[in-house]
Amino acid sequence: MSSTENYDIIVVGAGVVGLATAYYLQKNSPNKTILLVDRLPAAGQGNTAMSAAAVRNMFASSTNQLLTDSSIKFIEHIQEDLHFDLTFEKCGYLWLLSDKQFTDPSVKMWMQRMTASGIKYTAYDKHQLKKIIPSLNVDFTGDEEAQLMNLQEVSYGLFGPDCGVLDPTKLVDFYLQEFTKLSKVKPRFGVEVKSLLLEADPRLDLPGEPLIWQNKRVNGVRTATKELRAETVVLATDAWTNRLLDPIGFDSETKAKKRQLFVIHAAEKKPLLDLLYTRGFSSRASIPFTILPSAGVYFRPQLQEKGFWVGCADKVGRAYDYVQTDSYATAEMAYYENSIYPVLAKYFPVFQGARPANSWGGGYNYSPDAIPFAYKESGFMVVNGTSGSGIMKADAVARIVDALYRGQPEAELFGGKRMPSNALSMKQRKVEIESVII
Ligand SMILES: Cc1cc2nc3c(=O)[nH]c(=O)nc-3n(C[C@H](O)[C@H](O)[C@H](O)COP(=O)(O)OP(=O)(O)OC[C@H]3O[C@@H](n4cnc5c(N)ncnc54)[C@H](O)[C@@H]3O)c2cc1C
């Protein structure tokens, strides 16, 4: 090690979660020195850049409802009041559901919980849907292929008007700009943390420390060239967290799965443009972010590009092996051709023949209950497990990490609602299991 540096806090990971966290920590502890590091050459280049960047408050658990509703309101505040353009479009979310799904007790409970929390949604039947989206196929009668593919016919739609899409790089720019205005320490990019500095507490300088009978704490991180010491290390390392925690024998209880997006251009294809500019759901002429009833397939409107981003949250069948292979950021074209496309083209025949102009891969960092983790251990804090919805939860979880750091029993979220700061912890977790995962 050529040198050592000392800080109050080191935040590892400059994705949207790490940036928001660094910002609130610095805002509320102005005298602390905070070093933000990321192994990539710039901020927000990890899974944040790979996301569909859609935001919804339509969750079944009250925890996720609160995290997302307050974060979305903050996103609106950034754009409307602070005039920082995030290209946030309130195009809404539309869940297309079969009769069986709509009447399932879990969906009933989801709707009841949204009503109880004041989260707005509208239910449409298939005739209403067909009027608004003429190109939607709601009739699989006699379609043997659809049966073979286990595709459920659309009978209902659940539309959430307060949901939308944005540009994640702009949200990253906002938090980075606000953090750098306040911080005395310049963020460092292209710096990989190789390991955590786990030491005996107190250090006795015995050979082989820390020994089993000694208390232990994380006192910083090691990079290829330096030992960076800090009173607190915050891991906002998303899908890569286990690489740092496994070697010190700490189980993060999160796992990462590969997710992919495929870009379909609609320009000069009138039927696709008509679908993209669907009128009738919101004041904007835009199809909502739409989730199909079967196979986990969804698409997001991309108005700036005049197209769609198509994705899929498949479950059993895809390994929890994200970041184990070098090709994790590359999408698999056969996955689109053989898995996604046949489903998409059944529900929306206007996609027939549509081939991706671009594609990429990323990872979801899942927690067991699909609710994020935010907790404090000896010398380190962890914020991860955003389970595929970290853009829409970042602001709230960052405020929770900051409250935990300052020893506050509660965090105040944007809009004034409060959450116990240990609610997302591992040991005193107070959350409901989330069932509405895409
Ligand atoms: C295809 C896809 C679609 C998605 N769609 C949505 C969506 O519509 N809405 C939504 O809300 N969410 C979505 N997500 C999820 C969202 O992208 C994540 O939840 C969110 O980006 C997590 O933010 P983060 O800051 O925790 O992680 P990241 O952005 O991944 O940031 C973690 C950072 O840590 C850095 N890092 C890791 N290890 C080290 C180390 N050892 N040393 C230094 N730096 C390190 C990485 O380089 C990275 O920049 C999607 C994800 C994918 C992949």
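Reply: The discussion below turns to the domains, then to their interface, then to the ligand. Please note that this is a predicted model.

Me: Into which domains is the protein divided?

Reply: Domain 1 comprises 3-51 + 170-254 + 369-420, and domain 2 comprises 93-160 + 255-366. Their centres, taken over C-alpha atoms, are separated by 34 Å. Domain 1 contributes 16 residues to the contact, and domain 2 contributes 15 residues.

Me: How is the extent of such an interface expressed?

Reply: The size of an interface is often given as the accessible area lost when the parts come together. Here, domain 1 and domain 2 bury about 1,200 Å² between them, with 51% of that area on carbon and sulfur atoms. On the side of domain 1, the residues that lose the most area to domain 2 are Met50, Ala239 and Thr254, which together account for 37% of what that side buries.

Me: How many salt bridges and how many residue pairs in polar contact does the rule find across the interface of domain 1 and domain 2?

Reply: The rule finds zero salt bridges there, but eight residue pairs in polar contact, both residues being at pLDDT 80 or more. By class, the side of domain 1 that touches domain 2 has four nonpolar, eight polar and four charged residues.

Me: Which residues come nearest to the ligand?

Reply: Of the 36 residues around the ligand, the nearest are Asp38, Asn47, Thr48, Ala54 and Gly390. An N or O atom in the side chain of Asp38 is 2.6 Å from an oxygen atom of the ligand. The backbone takes part too: a polar backbone atom of Val17 is 3.0 Å from an oxygen atom of the ligand, and a backbone N or O atom of Arg39 is 3.1 Å from a nitrogen atom of the ligand.

Me: How much of the ligand's area does the protein bury?

Reply: The ligand exposes 990 Å² when taken alone, and the protein buries 98% of that.

Conventions. Residues numbered from 1 in each chain as written. Predicted model: local features only at pLDDT ≥ 70, side-chain atom pairs only at ≥ 80, totals over all residues. Heavy atoms only, no water. Domains from an automatic or database assignment. Contact = heavy atoms within 4.5 Å. Buried area = accessible area lost by both parts, 1.4 Å probe. Salt bridge = Lys/Arg side-chain N within 4 Å of Asp/Glu carboxyl O. Polar contact = N/O pair within 3.5 Å; in protein donor to acceptor, adjacent residues only side chain to side chain. Nonpolar A, V, L, I, M, F, W, Y, C, P; charged D, E, K, R; others polar. Near = heavy atom within 4 Å. Areas by Shrake-Rupley, 256 points an atom, 1.4 Å probe, with all protein chains shown as cover.
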